[in-house]
Amino acid sequence: MPVLTEATVREWLEEVKDPEIPVLSLNDLGVITGIEVLGHSHVQVQMTPTFVGCPAMDYMKMEVEQALQKRGIQQAEVTISFETPWSSDLISERGRAALKQFGLAPPPKQALIEDLDFLEHVECPNCGSTETQMKSPFGPTLCRSIHYCSHCKETFEQFKPL
Amino acid sequence: MNTDALKELLYKIADDQLILGHRNSEWTGVGPLLEEDIAFSSMAQDKVGQSYQLYQMLHQMGEQEPDTVAFMRNANQFHNSQFVELPVGEYDFSLIRHFLFDHAELIRFSMLSQSSYEPLAQLARKIKGELKYHVMHANSIIKQLGNATEESISRLQKSLEGALPYALGLFEPSPFEEALKEGGIFEGETALQAKWEESIRKIVEQTALQLPDLKTLTPVYGGRSGVHTEHLQPLLDEMAEVFRVDPTAEW
Ligand SMILES: [Zn+2]
């Protein structure tokens, strides 16, 4: 039997998606912050929430446990930790593309954020215009803000930078 | 490390978040605008979630389970400031409270992100990022309504004057101020209050509102040591109603 590696476990977890954005895997979202293989049937996974109050966290944790159990891992331990806090910069390039495809503007990179006005002029995912205004920093879920595009006259949502 | 000092600090912060979170959630479905409704609900969700992580930290230090701590204590065992337990009132009061409270919270967590107690520093770095959105929201609405009509300005002004003595109660000194400072856990309420005054002043100056001379106000203290208004216990009863039916149920 081949030795179980961290990379294999990470690949297995690819099937676990963000329950709110089904095109985005937890790997690409950046919430899997550590994987440790402790034996052929013993794996520890460290996860961190996007937002501290994220109501989907328990569900995601359970999905990860199940994905591991399905592969025959008897001891699948998933812990929640803030050691590596989630930031929107942890979303992979593939994840950013998936968000856009889903109709959500991907978050700007933290390095580009100077002050609290960073939510103005977000690029519209429908038409690409930056003639947009933030309507509210709070959207239908904790990780989304609401914007309006003056060019295509559509309201859109952005995955918030954090 | 002074564990008693740390616990006292964590309890008061967590209790503030939990109670204001529940107050904010009272706007769900009845906000003046759909967007405000969503904003207050989201902030409620953030604050309750953040309080749980703080209770979780306390639990790791030997305190009871987060749910037990949140739902099974009586008013005199809560360490929140009286400010957060006041009823939501009219929207202008809720807005002013949101503005005054979240400026203080953001600064508090920015200070705590440098704490010598590493688990707290880690969580604070995270919470700080989330609270930026709360402050951003407060600032944008205060600037809008604080420069809008005569009515909106005078209503906000009245709420501001009524809220300030309670807001100053957020900085009620703890018996552990020195221990917290010496241990590098937290710089203390005095330092926080000074930064807060500067921070709210910057925004108020961009509106038609007048910030009263804070030195002339008497802060409403007591909350940190379990002295509360008659408004807290009914809120706790309501929060706990569902939980107390079956404390072992999984939610
Ligand atoms: Zn557009």
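## A tour of a pocket and an interface

Start by selecting α6(B), which supplies ten residues, the largest share of the lining of the second largest pocket. Helices like this one are DSSP runs (H or I, at least four residues), while strands are E runs of at least two, numbered from the N terminus.

Before you go on: this is a predicted model, where local features need pLDDT of at least 70, side-chain atom pairs count only at pLDDT 80 or more, and totals for chains, interfaces and linings use all residues. Residues are numbered from 1 along each chain as its sequence is written, chains are lettered from A and ligands numbered from 1 in the order written, and side-chain values use heavy atoms, leaving out hydrogens and water.

Next, select Val135(B), Met136(B), His137(B), Asn139(B) and Ser140(B), which lie nearest the pocket's centre among 32 lining residues. A pocket is an open set of points on a 1 Å grid over the protein atoms alone, where a 1.4 Å probe fits, with protein on both sides within 12 Å along at least five of seven lines; lining residues have an atom within 4 Å of a point.

Now show both chains. Here 21 residues of chain B are in contact (heavy atoms within 4.5 Å) with 23 residues of chain A.

Which side chains meet in a salt bridge? Select Lys135(A) and Glu35(B), at 3.6 Å, N to O. The rule asks for a side-chain nitrogen of Lys or Arg within 4 Å of a carboxyl oxygen of Asp or Glu, and it finds one salt bridge across this interface.

Finish on α6(B) again: with eleven residues, it gives the most to the side of chain B that touches chain A.
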